[in-house]
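Reader: Could you take me on a close look at one strand and what surrounds it? I would enjoy a connected walk from there to the other sheets.

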Amino acid sequence: MTQTDRPVLVATEPLDLTADMVITELNRKGAPVVRFNPADIGTHLTVSAQFGVCPTPVVGQLRTPSRTADLKRVRSVYWRRPVWPTFEHLQADDARYAAAQVRYGLGGVLHALDSPLWVNHPLRDIAADYKPAQLAVAQRLGLTVPPTLVTNDPDKARQFTAAYGPVIAKTLRWTPYERDGVPMTSWAEPVATDEIDDTLRVAPHLFQARVEKVADLRVLIVGRRVFAVRIDSGLLDWRTDYDALSYSVVGLPERLVKPLRRVLDHFGLVSGSFDLALDGDGDFHWLELNPNGQWGWLEEQTGLEMSAAIASLLIQGELDGHRS
């Protein structure tokens, strides 16, 4: 068996341009690729796995209409943005039952594979996606964290905004939702003390002292490779208007790169996207880590070879040495 015979699995939704970019690089490098989406189970996706029948702990296949992956030969898994089935054609209890069987059946088979490189393992992604945990880890590792409060206590929130204003409110987890049939989203927004009322008690909110920034940074780390892009906009939250953004490739000091790599190591991640704020004194302020963040548009804007770096790592099938 040669290294080039071992397939790379790419788990993602159908219209994922970022995954397309990585697959293009994998194809260019001659690596076999099997792309699938868990939501296609029963129509365009079939999995069969056996345990306890041969010296190899798990044997079987994952099949799509055009590709077949031998489970005992999987080299790596790019866990991009897969969608799990909801079985809307079934009754509610049947749908809930079927969805659970897929998550713990298909998911369990993938987790049973013989140590392929995951970019990133879904359980690691989930553990790293808690913003309060990120804030604590970042500070422990020497990064500058803006004063932040997570609370559902209106009095504590008012005290914080009075002490650390100007303050912004941010979501703890981006969640799609609709209001009166209109899709809604949430951005970082200013919040004043007199705007806080008892409705805050319903759920924890995140309040953070506003950084007096001159620019934002999006940093993608892939294995040992670091890609840093400065984003100039003048906006509180640059995601609100992509047309207002300008981009420049920048280098980062080792005093920043080292703790960012250690954050990934702490969470067991192979790759991650960091958002940082740069102030007028040249200091960097932690905002958040997105373990599976978007970067495709940055490659298009800057020419940085991000997709090639991920493809090379997937083909390599392991991290090259220690990152810190």
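Author: Strand 1 (residues 8–11) is covered on both faces: Val 8 and Val 10 on one side, and Leu 9 and Ala 11 on the other, are all buried, where buried means under 20% relative accessible area, exposed over 50% and partly exposed in between, with a 1.4 Å probe and protein chains only. In a regular strand, side chains alternate between the two faces of the sheet. Please keep in mind that this is a predicted model, in which local features need pLDDT of at least 70 and side-chain atom pairs count only at pLDDT 80 or more, while totals for chains, interfaces and linings use all residues. Residues are numbered from 1 along each chain as its sequence is written, and side-chain values use heavy atoms, with hydrogens and water left out. Strands (E, at least two residues) and helices (H or I, at least four) are DSSP runs, numbered from the N terminus.

Now to the neighbours of strand 1. It pairs in the parallel sense with strand 2 (residues 33–36) over four bridges; pairing requires that DSSP finds at least two bridges between two strands. Within strand 2, Val 34 is the bridge partner of Leu 9. Between these strands the chain passes through helix 1 (residues 17–28), and this β-α-β crossover is right-handed, that is, the path from the first strand over the helix to the second runs clockwise with the strands pointing away from the viewer. Strand 1 also pairs with strand 6 (residues 76–79), again in the parallel sense and over four bridges. There, Tyr 78 is the bridge partner of Val 10.

Four bridges link strand 8 to strand 13 (residues 205–209) in the antiparallel sense, and Thr 148 stands opposite Gln 208 in strand 13.

Another open sheet has five strands in the order 16-15-14-17-18, with antiparallel pairing. Its edges are strand 16 (246–249) and strand 18 (284–290), each with a single partner strand, so one side of each is left without a neighbour in the sheet. Strand 15 (residues 225–232) runs antiparallel to strand 16, joined by four bridges, and Arg 230 stands opposite Ser 248 in strand 16.
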